[in-house]
Amino acid sequence: MLDATTPPDLPTPDQMRALNQAIDAAWNARRMREASRGILIGSIAMGLCVISTVLVVMHSQWAEGIAPFLACAILFVYFVGLFVSFRWLRRQRGANPVMVLDRQEEQIRAAAARPMRAIPILLISLLVQAAASIGWMYAFRHMSNEAILASLSVGPLLAAAFFVVRFVSFRFWEDLVFAGCIILAFIPMFFVRRTDVSFLSFVAMGLTVVATVSLQRRWTTWTQSLVDPEIETGIMEMHR
Amino acid sequence: MSEPEPIALDPVIHEAARLAIVSVLSECGSASFTFILGTTGLTRGNLSAHAAKLVAAGYVEETKQIVDRKLLTEYRLTAAGRKAFAHYREQWTRLTSRRNGRSPN
């Protein structure tokens, strides 16, 4: 029990103001850090949409005969887009005086300086993936179509949940769009034998591109405002 | 009954501007001068002065490099800085808990 004659150590109004400003600064930093990786996050969402689209195309009746070529074309366009966008991102980061890396990227940067240490990790992950592929090849032969569809659905559901958690953490509406697009791209798989709604997968890919550009623009606009203080929209972008 | 342990807020971190800088750096692996400027809202002179104090205290590491003939300054929290900030937050929680009368510790 506290002694009533001893004055308690109360935080002063100035201390509370400083604390609130620090909390705001940390929140801004967290948000802008994520916005700086807009292209990376969008690429992950697009990759998941592409996987679902390829599955839909491979099972669609209208693509009979051309499905493998169309699937290859989709994958080719995705990887070319990935390469071009990452090159652009790297050039942007090099030219931009405003820079932030999160702790994982710092660790990756440090690990890249010691490539020999990454080899055992790469070998283990390759072995795990090979074992998983062999396991799934065996399992698919003995599973019903419904069971296969259910197991394939787990991936998009988990990915969508990941983006919903990101939305809750960082309050970017683009993350909700990513979550929606991942589900939308997979939905045609449920109707593939009955009706053709495969266009939904392509719509999902288009929307993912829009959301990625929007997310990256937050960062670009904000950093431009720091370099050129007359652009006030950057401040609004931070709080949007 | 034993006296509660006195609350000691680290004076290096406790200053408003330095608390904001350390809070921003705790969210990042590393950040440039301009990034910290934009997120904290401090002026350039203020940020330079307080960052220098944090560097002198060993809480922040400063790296300068020339990129495209421009000086780029990067800051990151050191292990000591992260530990000190975690301790500061713990002490602050104790302080506010004591104010609310929940627990003397």
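**Surfaces and labels**

Mentor: Start with chain B. Its accessible surface comes to about 5,400 Å², and 52% of that belongs to carbon and sulfur atoms. Such areas come from the Shrake-Rupley method with a 1.4 Å probe; for residues, only the protein chains shown count as cover. Keep in mind that this is a predicted model: local features need pLDDT of at least 70, side-chain atom pairs count only at pLDDT 80 or more, and totals for chains, interfaces and linings use all residues. Residues are numbered from 1 along each chain as its sequence is written, chains are lettered from A and ligands numbered from 1 in the order in which they are written, and side-chain values use heavy atoms, with hydrogens and water left out.

Trainee: What is the accessible surface of chain A?

Mentor: About 14,600 Å², with 71% belonging to carbon and sulfur atoms.

Trainee: Why does Arg37(A) count as buried?

Mentor: Buried means under 20% relative accessible area, exposed means over 50%, and partly exposed lies in between (1.4 Å probe, protein chains only). Arg37(A) has 14% relative accessibility, so it counts as buried. Arg37(A) lies in the loop between helix H1 (13-35) and helix H2 (38-59) of chain A. Helices (H or I, at least four residues) and strands (E, at least two) are DSSP runs, numbered from the N terminus.

Trainee: Which residues does Arg37(A) touch, not counting residues up to four places away in sequence?

Mentor: Arg93(A), Asp102(A), Glu105(A) and Gln216(A). Contact means heavy atoms within 4.5 Å.

Trainee: Why does Val77(A) count as exposed?

Mentor: Val77(A) has 57% relative accessibility, so it counts as exposed. Val77(A) is found in helix H3 (residues 67-95) of chain A. With Phe76(A), Val80(A), Phe83(A) and Val84(A), Val77(A) forms a nonpolar patch on the surface, about 520 Å² of accessible area together.

Trainee: What makes a patch?

Mentor: Residues with over 30% relative accessible area and no salt bridge; like charges are joined within 9 Å, nonpolar side chains (Val, Leu, Ile, Met, Phe, Trp, Tyr) within 5 Å. A salt bridge is a side-chain nitrogen of Lys or Arg within 4 Å of a carboxyl oxygen of Asp or Glu.

Trainee: How many helices does chain A have?

Mentor: 10 helices, plus one strand. The radius of gyration of chain A is 23 Å, well over the 18 Å that the globule rule gives for 240 residues, so chain A is more spread out than a compact globule. That radius is taken over C-alpha atoms; the rule is 2.2 Å times the number of residues to the power 0.38.
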